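The sequence and structure come first.

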Amino acid sequence: MNDLPTSFEQHNVKSATRADMVPVAVQVKEGKYLTFELAQEQYGLGILKVREIMGMMDITHVPQTPAFVKGLINLRGRVIPVVDLRLKFGLPEKEYTERTTIIVVEIQAETGLILIGIVVDNVSEVMHISQADLEDTPSFGEKLKTDYIMGMAKVKGRVILLLDIDRVLTDEELTLAHG
Amino acid sequence: MSLEPQDIGRMLDDFNLGLVMADPEDLIALGGLIEKIEKLVEVFQSSGLVPAVDLLFSLKKAVESIILEQVADKEATMEQMGQGASLLQDIFRNFKAGIDASIDVSSFITTLKSQTTSGPVLTLDTSPGRPPESVWPGTETTPRTSERQVVRGPAQVNLEPYDVGADRDLFFSFITESIEHIQSIEVNSITLEQDPQNLETINAIFRPFHTLKGVSGFLNLPQIHALTHEVENLLDDARNERLPVSPAFIDAILDAVDLLKKMIRELKSAVENGGQVGTDFGLAAFLERIKAIQQGDVPAESAEEPSPYGGMKLGEILIAQGMISEHDLEEVVANQQQARLRQLGDILLASGRISRGDLDEALRRQLTADDRTKMIGEILIETGKIQPDLVSLAIKEQEKLREPKLGELLIRENQADAREVAAALREQKKFPTGTGLVTGQTVKVETVKLDGLVDMVGELVIAQSLVSSNDRIAAFKDQKLLRDLSHMSRITSELQRTAMSMRMVPIRQTFQKMIRLVRDLSRKSGKLVELDMDGEETEIDRNMVETIYDPLVHMVRNSVDHGIESPGIREKKGKDTTGHIVLRAFHQGGNVVIQIVDDGQGLDARRIISKAIERGLIAPEEHLSETTAFNLIFQPGFSTAEKVTDVSGRGVGMDVVKKTIEKLRGKVEVASRPDHGTTITIRLPLTLAIIDGMIVRVGTNRYILPTVAIRESFRPRPQDYFTVKGQGELIKVRENLLPLVRLGEVLGSESTYDHPTAALVVVVENEGKRRCLMVDEVLGKQEVVIKSLGERLKHIKALAGGSIMGDGRVGLILDIGGLFTISDGVGGRSWSRGGPTVADDFEMDEDWGMGPS
């Protein structure tokens with residue numbers, strides 16, 4: 001705990017007033033994370049955000065949306081949008097395979113909780129990340145946006161990027177701005 | 001109410017127990033006590049134990065004072081009440097034993113009174129001329145009067161702004177409940193106006209006020225509490241025939257309802273936005289008015305006198321139908337009034353309290369000039385023939401006996417025969433008497449849960465069809481399996497129907513709101529208007545109810561304002577002076593049809609046309625059919641009203657009506673005949689949840705087009721295809737050239753064909769504009785359940801929603817208006833996001849480039 005950088009503690013304080021959606025990193029907590037793979041990188045997602053994990057299914061393309069919005073799926077009677085996380089993060093597109101997975105997450109929008117599916121290369125495991133494994137996100141300067149990443153964890157020699165999934169899916173309209 | 005003595009004894013014990021157990025801070029227990037007291041009051045009133053009744057009233061008052069925090073020492077007051085309860089038991093024991101029951105209760109009442117008035121919080125009315133003593137009268141005054149003055153208190157207690165943030169849920173449910181109560185009050189008030197003698201109706205109005213009073217007291221909403229309390233007293237007076245139910249009386253109740261609505265609205269916004277309610281609603285002035293009515297200051301029209309606006313009274317209907325003459329009616333009505341007076345005498349006579357001679361003498365005296373205004377009871381008391389106590393008992397008994405009905409008298413006196421009266425009564429019944437009192441058994445369910453159920457059932461149906469159409473299963477040659485599968489499919493479709501029907505509500509409530517509207521409008525405009533309703537039980541989608549309300553109000557307003565003529569003009573035209581408006585609802589071919597029919601002056605096609613020319617809506621040389629002319633009233637900025645009245649001409653035009661209805665995927669039409677009236681017909685889909693769609697394919701994607709927008713579909717011949725400057729494409733549909741919209745291009749999906757002559761075009765219409773949509777294939781027609789695309793995607797113009805298709809995939813329902821807008825954008829025009837999906841900047845119409853030849 002003591003070896004944590006001070007800036008992280010500041011974030012902790014600020015995050016208490018997150019309701020107004022100021023761009024401040026969310027508090028990274030120790031706990032269970034669902035880890036998945038995206039272009040050979042490991043990402044983690046707070047387990048409480050995950051509603052469901054399922055294989056690839058038919059996605060209905062929706063016009064007038066950015067490329068990362070793959071379309072709509074039928075989640076047991078509910079119509080929910082699906083976002084390809086590779087495209088969202090500017091990673092190269094990849095053919096979907098047997099291992100491609102849709103993770104249905106529950107995110108907090110201004111209007112309440114909404115369900116969104118995210119397409120990832122494959123799901124790895126659910127792991128416990130303790131406070132000692134956590135590290136603050138390093139800054140890469142202007143060229144790399146790290147807003148979505150609320151922290152990093154070093155577990156078993158691997159680096160896992162912990163996503164602030166609410167921010168990933170709310171900072172931008174899913175519709176394309178024309179005009 | 002006649003109860004066995006042991007029952008009364010048990011009730012008394014029960015009350016005593018309740019009193020002992022009650023904690024002065026426990027409002028619910030105190031409320032229970034009041035309930036018990038009220039029951040006992042009824043019992044003792046019917047047994048004629050006046051002292052007991054007075055005692056009970058004082059106890060009730062004391063409990064109420066405790067609730068309102070108007071006593072200094074609650075515990076002491078409770079103790080006092082305990083004494084009162086044992087006094088009550090003494091009275092009852094004496095009564096049971098047949099001993100004279102007149103135990104003096106006045107000293108006790110005075111003691112109890114001193115408890116409650118000494119409270120520091122209490123700010124009673126101490127205006128000059130009304131010393132505090134009068135607040136708590138002795139036993140001889142009717143207890144109600146005392147109550148009335150005491151509760152003037154809350155109105156004058158300085159209304160501290162109260163914090164509503166504390167218990168939101170409680171307040172929310174109170175608000176919902178109040179709105180329901182207010183509706184039932186409004187409906188019943190109108191019913192009461194038609195039948196002022198109907199105790200049942202007064203009770204039906206009384207009850208919700210009573211409930212509101214209780215809950216508002218509990219929630220510490222002093223203004224609502226004071227208002228409801230006052231109105232409740234007013235109603236109570238009417239219930240006990242101390243007050244006639246006059247139009248002024250009904251007005252007061254309706255105004256109280258308005259005031260209440262305002263308070264509830266205020267409360268609602270305070271609860272929602274956090275904040276306080278403390279505004280003055282002009283409550284004090286209103287309470288003054290109620291008091292004035294109670295004291296008879298307002299010249300109350302006699303209840304028996306035909307009301308100038310009603311036209312609903314039995315006698316009038318009979319006269320209008322020529323069944324009886326006006327003279328006959330007057331005579332009978334006079335007799336009807338007398339019947340009541342005679343009755344009191346009869347009661348006294350029957351109970352052997354007075355002799356026949358005494359009664360006859362009193363009746364004679366009543367006919368003399370000096371004593372004309374006096375009641376028979378007063379005369380009897382004055383002449384010393386009887387004790388006041390006994391008269392008040394007899395009056396109470398009389399209350400239970402209803403006045404003979406006009407119809408009964410007419411029949412008895414051979415002025416009309418029973419069949420005619422019955423027919424007239426049926427006429428009268430058409431008005432909502434009765435229906436207003438009926439409430440179905442319902443359970444409140446949150447909308448979210450309901451929608452969830454509908455979703456799941458829809459999913460079940462799809463899963464069911466997936467299973468039965470599975471190849472492997474179809475390959476089974478098992479009779480039993482097939483039978484079971486078809487049984488399951490029957491159950492699922494039944495389940496689906498039931499789930500869908502849960503979204504439906506009868507249109508009754510919406511219609512009933514119009515009763516009030518018509519009444520107010522006719523009063524304001526001085527026209528005589530009668531509103532009839534037909535098919536109120538017709539069910540429409542719950543979500544539609546609210547949306548349809550405003551257009552309906554507007555059209556009813558128009559009917560009263562511009563349709564129905566003033567009585568003088570109607571008479572000149574040889575029409576019934578009373579105008580009629582009929583609200584009708586019925587199902588027809590998968591639609592809900594709502595009609596507003598009036599028998600007014602009708603639309604003047606020529607005036608509409610000249611107005612339209614004046615407004616530049618049509619060209620002067622255009623020749624329009626009558627129907628087309630009538631439909632001009634739905635154009636924006638059109639109003640034939642020559643004068644702007646208080647009630648219409650306030651901006652909302654028929655164009656808004658039309659737009660609102662089209663938003664519900666409905667249609668509105670108007671038909672009219674000069675001097676015969678106007679009929680407006682609204683057609684709405686049965687439900688908003690399901691859309692009748694045509695499924696089309698473009699490349700690998702399927703889209704759903706609302707069938708209502710589709711005109712036709714065909715494969716164009718090469719000679720029907722034109723281009724403009726090599727870009728704009730047109731298809732000739734019969735004699736019109738319509739712009740071609742390549743659906744694949746707009747929606748970004750690869751089309752199988754690149755020339756319309758190889759593909760198909762579907763002609764669609766939106767807001768009078770038509771386009772050809774180029775699609776690859778038309779797959780078929782299907783009813784689909786509309787699903788929202790969610791917050792994030794709802795701004796996509798081209799889409800009206802999504803739907804789960806038979807194979808479990810999501811299909812997209814296209815929004816024709818949005819498609820038009822986008823296709824304009826694709827054609828080089830800019831378009832903005834988030835605006836209305838109306839192609840309002842699009843000037844091309846269907847005659848573009850080539851008029852009808």
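## Terms and model

Buried means under 20% relative accessible area, and exposed means over 50%. The model is predicted.

## Helix α4 of chain B

Helix α4 of chain B runs over residues 74–97, 24 residues in total. From its first C-alpha to its last it reaches 35 Å, close to the 34 Å expected at 1.5 Å a residue.

Buried residues in α4(B) are B:K74, B:T77, B:M78, B:Q80, B:M81, B:G84, B:A85, B:L87, B:L88, B:Q89, B:I91 and B:F92. After α4(B) comes B:G98, which has a positive phi near 85°.

## Nonpolar cores

The largest nonpolar core holds 89 residues. Within it, the most contacts belong to B:F209, B:L227, B:L235, B:F249, B:I594, B:I682 and B:L684. The biggest contribution to this core, 13 residues, comes from helix α12 (residues 247–273) of chain B. Another core, of 35 residues, lies apart from it; B:F15, B:A52, B:L55 and B:F108 are among its members.

Which residues are in contact with B:I594, leaving aside its neighbours within four places in sequence? They are B:I507, B:F511, B:I548, B:L552, B:R584, B:A585, B:I680, B:T681, B:I682 and B:L684.

## Surface patch

A nonpolar patch on the surface is formed by B:L17, B:V20 and B:M21, which together have about 370 Å² of accessible area. B:L17 belongs to helix α1 (residues 5–21) of chain B. Its relative accessible area is 53%, so B:L17 counts as exposed, the cut-off being over 50%.

How values were computed: Residues are numbered from 1 along each chain as its sequence is written. Chains are lettered from A and ligands numbered from 1 in the order in which they are written. This is a predicted model: local features need pLDDT of at least 70, side-chain atom pairs count only at pLDDT 80 or more; totals for chains, interfaces and linings use all residues. Side-chain values use heavy atoms; hydrogens and water are left out. A nonpolar core is a set of buried Ala, Val, Leu, Ile, Met, Phe, Trp, Tyr and Cys residues joined through side-chain atoms within 4.5 Å. Buried means under 20% relative accessible area, exposed over 50%, partly exposed in between (1.4 Å probe, protein chains only). Helices (H or I, at least four residues) and strands (E, at least two) are DSSP runs, numbered from the N terminus. Contact means heavy atoms within 4.5 Å. The expected span of a helix is 1.5 Å times one less than its number of residues. Patches are made of residues with over 30% relative accessible area and no salt bridge: like charges are joined within 9 Å, nonpolar side chains (Val, Leu, Ile, Met, Phe, Trp, Tyr) within 5 Å. Accessible areas come from the Shrake-Rupley method with a 1.4 Å probe; for residues, only the protein chains shown count as cover. A salt bridge is a side-chain nitrogen of Lys or Arg within 4 Å of a carboxyl oxygen of Asp or Glu.
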